[in-house]
Amino acid sequence: MNHKIFLAILVLLGLFVLTPPPQVKADEFYKGKTIKIVVGFLAGDVYDLWARLYAQHMPKHIPGKPDIIVQNMTGAGSMIAANHVYSVAKPDGLTLGSALPALYFDQLIGRKEVQFDWAKFVWIGSPVQNEHQMYMRSDAPYRTIEDIRKATVPPKCGTTGTGSTGYYIPKLMEEALGTKFNLVTGYQGGQDIDLAVERGELHCRAFTIEAFFAREPFLTWRKKGFVRNVVQTGRTRDPKLPDAPTIYELMDQYKTPEATRRLANVVLAAGALGRPLVGTPGIPPERVTILREAFSKTLKDPDFLAEIERRKYELQPVKGEELEAMAKDVIAQPPDVIERMRKLLGK
């Protein structure tokens, strides 16, 4: 072969190898695509309802107007969903997740089921910041925290897993207030727990104030006086629950030690994370920006706001950048706090 022709072929091959494939512009990537939101709870749960609102209203705020679908992936108090989004999903910005904001507990205390690093999720945003409450069946003999402290047989509370409010709020009350609960774990979702309460299998459940005032069966339960609220987690009483004492009032009343109060602050920080929407680590930065901006625009969308008003949902948006900072902060705890959390959560 003529050496000039040979050199020409080598040059052409080099150009072919060195020339990168054409890049899809960030504002064109989502055109014709489908985004999946993996929800760690049953259909009809508040996390699921929020995700379906995003699926309905968020596409028009994303360049290319992709479809958004919701996939329910229940189990282990949303741990399975969080593990999937972090470790299985591709970091392309097409898989997002909605899981409990307190799953960092399980990472802090070293549970083997954890397959994520809380601080490394891509944080998109949250529609709310949550305080919590505990309801108790009105016909149960536990009208006050003092009744629970003195009870010979502790009340039964239902929970989905150790990262759920239904687990860590009663455990924190045991540590800080001297109460005692019989925690029944393994429920797939809050609705299953509520049905068990209706059947008389359980007495109580702890979860967000927002959800308690947002949907059935709680709307009917409150009208009928089926349950009462025995505690709430905010530093001040929520106007909707004027008769339920805060855990901070009760810690003052029972003279909770300062070290336990610090533990309470770390545990209750989960409420500030609200109902976070997260993505897989490694999503290209420009797509993270698109998703965060779309989320923020959705929460200001008139049609979205009208639906929120109709459903009587609360709205206290938290930006993704703020969630990211909080996630890094809560996971960076000193050994003494981690050891206290291990004892609190039975690790």
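**Entry 1: the β1 pairings**

I started with I35, which stands opposite I68 in β2. I then looked up the two strands: β1 covers residues 34–39, β2 covers residues 67–72, and they pair in the parallel sense over 6 bridges. Two strands pair if DSSP finds at least two bridges between them.

This is a predicted model, so I noted the terms: local features need pLDDT of at least 70, side-chain atom pairs count only at pLDDT 80 or more, and totals for chains, interfaces and linings use all residues. Residues are numbered from 1 along each chain as its sequence is written, and side-chain values use heavy atoms, with hydrogens and water left out.

Next I followed the chain from β1 through α2 to β2, and found that this β-α-β crossover is right-handed. The term means that, with the strands pointing away from the viewer, the path from the first strand over the helix to the second runs clockwise. I also checked β1 against strand β3 (residues 95–98): the two run parallel and are joined by 4 bridges. There, I37 has L96 in β3 as its bridge partner.

**Entry 2: the whole sheet**

I traced the strand order as β2-β1-β3-β10-β4-β11, an open sheet of 6 strands with mixed pairing. The edge strands are β2 and β11 (318–319), each of which pairs on one side only. For an antiparallel pair I went to strand β4 (residues 122–126) and strand β10 (residues 277–279), which are joined by 3 bridges. W123 has V278 in β10 as its bridge partner.

Two helices lying across these strands went into my notes. Helix α2 lies across β1, β2, β3 and β10 and runs at about 165 degrees to β2. Helix α13 (residues 285–298) lies across β1, β3, β4 and β10, and runs at about 10 degrees to β4. Axes here are lines fitted to C-alpha atoms, for helices over the stretch in contact, and the angles run from 0 to 180 degrees between N-to-C directions.

**Entry 3: α2 against α14**

I then asked which partner α2 (residues 46–57) meets, and looked at α14 (residues 302–311): their axes come within 10 Å and cross at roughly 155 degrees. That makes α2 roughly antiparallel to α14; the cut-offs are under 35 degrees for roughly parallel, over 145 for roughly antiparallel, 65 to 115 for roughly perpendicular, and oblique for the rest. I listed L49, W50, L53 and H57 on the α2 side, meeting D303, F304, E307, I308 and R311 in α14. Contact means heavy atoms within 4.5 Å. By class, the residues of this contact are 5 nonpolar, 1 polar and 3 charged. The classes are Ala, Val, Leu, Ile, Met, Phe, Trp, Tyr, Cys and Pro as nonpolar, Asp, Glu, Lys and Arg as charged, and the others, Gly among them, as polar.

**Entry 4: two partners of α11**

Helix α6 (residues 165–177) and α11 pack at about 170 degrees, with their axes 10 Å apart. That makes α6 roughly antiparallel to α11. I found Y168, I169, L172, E175 and A176 of α6 in contact with T260, L263, A264, V267 and L268 of α11. This contact has 8 nonpolar, 1 polar and 1 charged residues.

The axes of α11 (residues 258–268) and α16 (residues 335–344) come within 10 Å and cross at roughly 80 degrees. The two are therefore roughly perpendicular to each other. A259, T260, L263, V266 and V267 of α11 make this contact with V337, R340, M341 and L344 of α16.

Most residues other than glycine have a negative phi, and most peptide bonds are trans. P217 sits in the loop between α8 (209–212) and α9 (218–224).
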